[in-house]
Amino acid sequence: MTAMTQAPELFREAVAALQALQARPEMTVEPVRAPQRLAPWAHALSCETTGPADVLATGRLVLLHDPDGQENWQGTLRLVVYVRAELDRELATDPFLPTVGWSWLTDALEHSGAAFTALGGTVTETSSARFGEISGPARSDDLELRASWTPLDSHLGPHGEAFLQLMSSVAGLPPVGVTLFGHRQGS
C-alpha cells in the first residue's frame, strides 16, 4: 500500500483537486516535496513563470491536513502559499507595494470563488546589493508574499486557480488571451 492510499479520503480528494489544475502555457507547475513536520499529511506544488518584462516569479502551494484539526486553522485543511518575484527598481520603491501585493492574493481568491476562513500573511520587500566577486546584477529588489488560509471543503480547484492567478499577477502576465503590444503570447 502506498502512503497516498493510506491517507484520509478528505486529503486524497484535496490532492486530486490540486493535481487537476491546468496552468497557463507560460507556467511550469510540478509536485515537490512537502514539509513533513507541519501536519500529519502534506502535499506541495511549485510554480515558476516569467512575465513580459522578464520578471521571474516562483511560488509554492502547500496543502496541510491534520484530521484532528489545529485550533488556529479553524479546520482540518490548511493551504500555505509562498511567492517570490523580482521587481524593477521603480516598482520596488512604491510605498503601496505591500498593499497591492496582498490584494493580488485576496482578489484572486475572490475571483476564483474559493471558500475559506482564517486568512493571514505577510508581504515583504527586500533589496540586495552585491559586492566583490559575486555574479549577478549589482542590485536586486524582490517581493515575497507568504500567506495561509483554511479552505471550507476539499474542493480545492478554486484555491489552486487563485494560486495560479496570484502567480500571473506577481509576474505581470496579462489575462489569458490578451497580448501586450511588443510581446508575443508565450514568450
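How many salt bridges does the count come to in this structure? It comes to three, where a salt bridge is a side-chain nitrogen of Lys or Arg within 4 Å of a carboxyl oxygen of Asp or Glu.

Some background before I go through them. This is a predicted model, in which local features need pLDDT of at least 70 and side-chain atom pairs count only at pLDDT 80 or more, while totals for chains, interfaces and linings use all residues. Residues are numbered from 1 along each chain as its sequence is written, and side-chain values use heavy atoms, with hydrogens and water left out.

I'll take R24 and E26 to begin. Their side chains form a salt bridge, with N to O at 3.0 Å. Both residues are buried; buried means under 20% relative accessible area, exposed means over 50%, and partly exposed lies in between, using a 1.4 Å probe and protein chains only.

Next, R84 and D142. The closest N and O atoms of this salt bridge are 3.0 Å apart. The pair links distant parts of the chain, 58 residues apart: R84 sits in strand β4, residues 75–87, and D142 in strand β6, residues 139–151. Strands here are DSSP runs of E, at least two residues long, numbered from the N terminus. R84 counts as partly exposed because its relative accessibility is 26%. D142 is at 7%, so it counts as buried.

That leaves E144 and R146. In this salt bridge the closest N and O atoms are 3.5 Å apart. E144 has a relative accessibility of 16% and therefore counts as buried. R146, with a relative accessible area of 44%, is partly exposed.

Definitions and conventions:
Helix = DSSP H or I, 4+ residues; strand = E, 2+ residues; numbered from the N terminus.
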